Amino acid sequence: MSSENMRETISDDIEKYLKEHENKSMLRFLTCGSVDDGKSTLIGRLLYDSKTIFEDQLLAAESESKKYGTTGDKIDLALLVDGLQSEREQGITIDVAYRFFSTDKRKYIIADTPGHEQYTRNMVTGASTADVAVILIDARKGILTQTRRHSYIVSLLGIEHVIVAINKMDLVDFDKEVYEKIKSDYEALAKELEIKNRYYIPMSALEGDNVVQKSDKTPWYDGKSLLELLDTVDISKDNKPENFRFPVQYVNRPNLDFRGFCGTIAAGSVSVGDEITVLPSGKTSRVKSIIDAGDISEDKRFVTTQSAKAPMAITLTTEDEIDISRGDMIVHTHNVPRVSNNLKVMIVWMDETPMEVGREYDIKRATTVVTGKVEHINYKVDINTYKREVVDELHLNDIASCRLNLNRAIAADKYKHNRDTGSFIIIDRITNNTVGAGMIVDVARREHDRVIPAEERHYSQAERELNAYIRKHYPEWNCKAI
Amino acid sequence: MVSEKRMTHLKQLEAESIYIMREVAAEFSNPVMMYSIGKDSSVMLHLAMKAFAPAKVPFPLLHVDTKWKFHEMIDFRDKRASDLGFKLIVHSNPRGLDMDISPFVHGSKIHTDIMKTEALKQALDAGGYDAIIGGARRDEEKSRAKERIFSFRDKNHRWDPKNQRPELWNIYNTRINKGESVRVFPISNWTELDIWQYIYLENIPIPSLYFAKERPVVEYEGTLIAVDDDRVPDELKKNAKIKKVRFRTLGCYPLTGAIESDADTLPKIIKEMLLSRSSEREGRLIDKDQEGAMEKKKIEGYF
């Protein structure tokens with residue numbers, strides 16, 4: 001539906017419009033590009049063409065265009081976007097800003113992040129919540145070092161859909177060859193980084209070609225415009241119901257008769273009667289009732305539901321009175337993640353003060369806070385060349401593979417399987433600053449962290465004899481009896 | 001059975017806001033929620049009610065009363081507090097009351113500085129709150145677009161836009177030292193349309209000032225304002241006319257622009273909003289003082 005049609009529906013039948021819009025889905029995307037790739041112009045264009053910009057904001061941008069603008073008499077669309085006064089004076093965007101617009105299909109949240117190298121941490125921040133990344137490439141310049149950098153971060157943060165916007169096509173006469181060359185160069189890069197889905201669009205953000213509507217200047221291009229693509233890209237995750245993960249956020253105990261565990265389902269789904277295990281304690285029970293917070297109204301403050309799924313905010317009660325507190329993870333008994341205090345992780349360092357090996361930091365993963373230290377830096381990645389280096393500390397914007405040791409075990413998933421239970425932040429215990437971000441790559445098995453009772457494994461006669469033999473002849477091995 | 005379809009955007013926003021509120025209740029020892037009686041506050045209160053049901057909202061609500069609010073707002077506030085049973089704290093700046101601060105006499109800047117910004121600091125200092133939940137949205141104003149959901153404030157309630165804590169995924173850093181605080185914005189990612197749609201969908205009570213009705217109004221500094229009580233200066237009052245108007249935002253009546261409108265139902269309000277070409281803050285006189293006005297106010301501690 002065009003925006004003109006949309007306005008007609010609004011005037012003719014607002015209730016119908018509201019009905020349709022109740023069912024919109026949400027998509028978060030990240031835009032990556034440097035100061036002169038036209039990123040702010042592109043966002044300004046999306047906001048302007050989707051009629052999200054109001055007249056008074058437009059007037060303000062016009063008055064500012066005269067003062068700071070770089071586009072002569074035309075309104076500098078970038079000024080609709082660049083937020084803080086100090087940034088406008090410098091003419092650069094220095095932080096993550098969030099923008100909103102919607103079409104009749106989706107509500108969009110744009111994370112607008114700067115492209116300078118020293119601002120890697122901002123891009124990582126923006127990428128952490130994005131479903132889709134739009135990477136801008138200047139058609140005249142092709143793939144640059146910064147494109148490699150942006151793509152690395154996008155891949156590291158697990159964004160599965162990358163739209164490569166080949167911008168400023170007006171400056172290369174909408175030449176198909178230019179587009180094809182950049183496309184094939186990027187395919188090679190994407191392969192190296194294992195980026196799942198790639199889409200390519202020849203574009204001019206300044207002129208509006210292939211941004212909202214298909215441009216007639218690129219008859220050779222049979223794909224969609226950027227907005228058409230965003231409206232239709234399938235971002236549904238493979239939410240397997242059995243992989244239930246529920247980080248306990250808050251214990252709700254209004255009176256002696258009710259003890260509920262509040263939280264947001266991180267993955268999978270849960271039903272009344274399901275057998276559950278609480279981690280890391282390993283205690284088990286069954287789900288007695290589920291309250292979907294969304295169902296609560298002023299008149300009905302206690303309504304229950306039979307089942308719930310990610311990412312719903314719910315309150316669970318259990319059949320048995322077992323000890324459950326904030327930071328615990330509730331899972332299905334038949335699908336228990338590893339519990340360990342030894343993790344292999346990727347860390348992005350975000351603070352001026354370097355990260356020291358062996359120093360204690362607070363680690364916050366979902367609702368769990370534990371103390372931890374990096375035991376060893378496996379290697380640092382150069383995000384321009386992807387080469388690995390051996391280092392003994394991490395500086396601002398460094399990205400490295402590390403071995404993380406926690407002071408107590410947690411139930412952990414790999415980041416690539418679950419963003420919510422596989423990610424964490426690092427907090428300095430003195431300054432309280434967020435100094436780093438991390439993603440779990442692997443979870444080690446350690447004997448003392450075992451939660452699965454030993455009787456679950458059945459040993460053969462030969463294994464039992466071997467165990468007895470070792471215990472008898474090599475007591476100094478401290479071998480456990482099975 | 002749970003449907004396999006993705007959640008709608010409003011359901012997702014709702015779940016995210018509830019997560020944020022629960023995080024505050026779990027991690028802070030003395031949180032408070034700002035309550036300004038308007039539509040955004042109404043949505044926040046509704047979300048808090050959902051987040052903690054069947055228990056009551058576990059933190060108090062704080063209203064900074066400038067003494068120049070529409071009288072209907074005050075009635076509405078007190079009724080909501082008794083209906084929902086939350087603890088309500090009301091604070092007005094005693095210094096300002098002594099000085100008899102009036103927007104008509106002292107102007108909007110002094111009124112706002114003393115009765116809002118200073119009063120807020122007093123109330124926060126008096127309460128010693130470590131987390132203050134506010135209803136700001138990122139779509140409201142450009143400087144808000146960059147604010148974190150958990151936004152750190154130093155001992156003097158000041159915001160440092162260039163030195164914000166990185167905020168990733170939905171993991172919020174709630175660590176502070178004594179005397180410092182965090183402002184938390186659970187509806188950061190909602191737009192004005194989301195708010196209205198949610199009010200419509202969930203049937204959330206809001207003050208009737210949002211709906212068009214015949215009201216006495218007068219032109220003041222280029223904007224139509226309500227003649228809400230006898231404190232409107234006589235030279236203005238004599239020009240008052242009855243017009244069918246409504247208010248897009250609610251605040252101090254001398255500083256809140258009325259718009260002429262026939263929108264007397266929620267769908268009509270939403271329709272008017274969607275078709276109008278001026279943004280919500282247009283009706284607020286305080287933003288227009290100077291370019292970058294909001295950024296400056298925020299650095300000083302304004303919400």
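Visitor: Which way do the residues of S14(A) point, and are they buried or exposed?

Guide: First, what the word means: buried is under 20% relative accessible area, exposed is over 50%, and partly exposed is in between, with a 1.4 Å probe and protein chains only. In S14(A), A:Ala313, A:Thr315 and A:Thr317 point one way, while A:Ile314, A:Leu316 and A:Thr318 point the other way, and all are buried. Strand S14 (residues 313-318) of chain A has six of six residues buried, so it is largely enclosed by the rest of the structure.

Visitor: What should I keep in mind about the model and its numbering?

Guide: This is a predicted model, where local features need pLDDT of at least 70, side-chain atom pairs count only at pLDDT 80 or more, and totals for chains, interfaces and linings use all residues. Residues are numbered from 1 along each chain as its sequence is written, chains are lettered from A and ligands numbered from 1 in the order in which they are written, and side-chain values use heavy atoms, with hydrogens and water left out.

Visitor: Which strands pair with S14(A)?

Guide: Strands are DSSP runs of E, at least two residues, and helices are runs of H or I, at least four, numbered from the N terminus. Two strands pair if DSSP finds at least two bridges between them. Here strand S9 (residues 258-264) of chain A pairs with S14(A) in the antiparallel sense over four bridges, and A:Cys262 has A:Thr315 as its bridge partner. Strand S12 (residues 283-292) of chain A is also antiparallel to S14(A), over five bridges; there A:Asp292 is partnered by A:Ile314.

Visitor: Are B:Asp65 and B:Arg77 buried or exposed?

Guide: B:Asp65 is buried, at 6% relative accessible area, and B:Arg77 is buried at 7%. Their closest N and O atoms are 3.8 Å apart in a salt bridge. B:Asp65 lies in the loop between strand S2 (61-64) and helix H3 (71-84) of chain B and B:Arg77 in helix H3, so the pair ties together parts 12 residues apart in sequence.

Key
A salt bridge is a side-chain nitrogen of Lys or Arg within 4 Å of a carboxyl oxygen of Asp or Glu.
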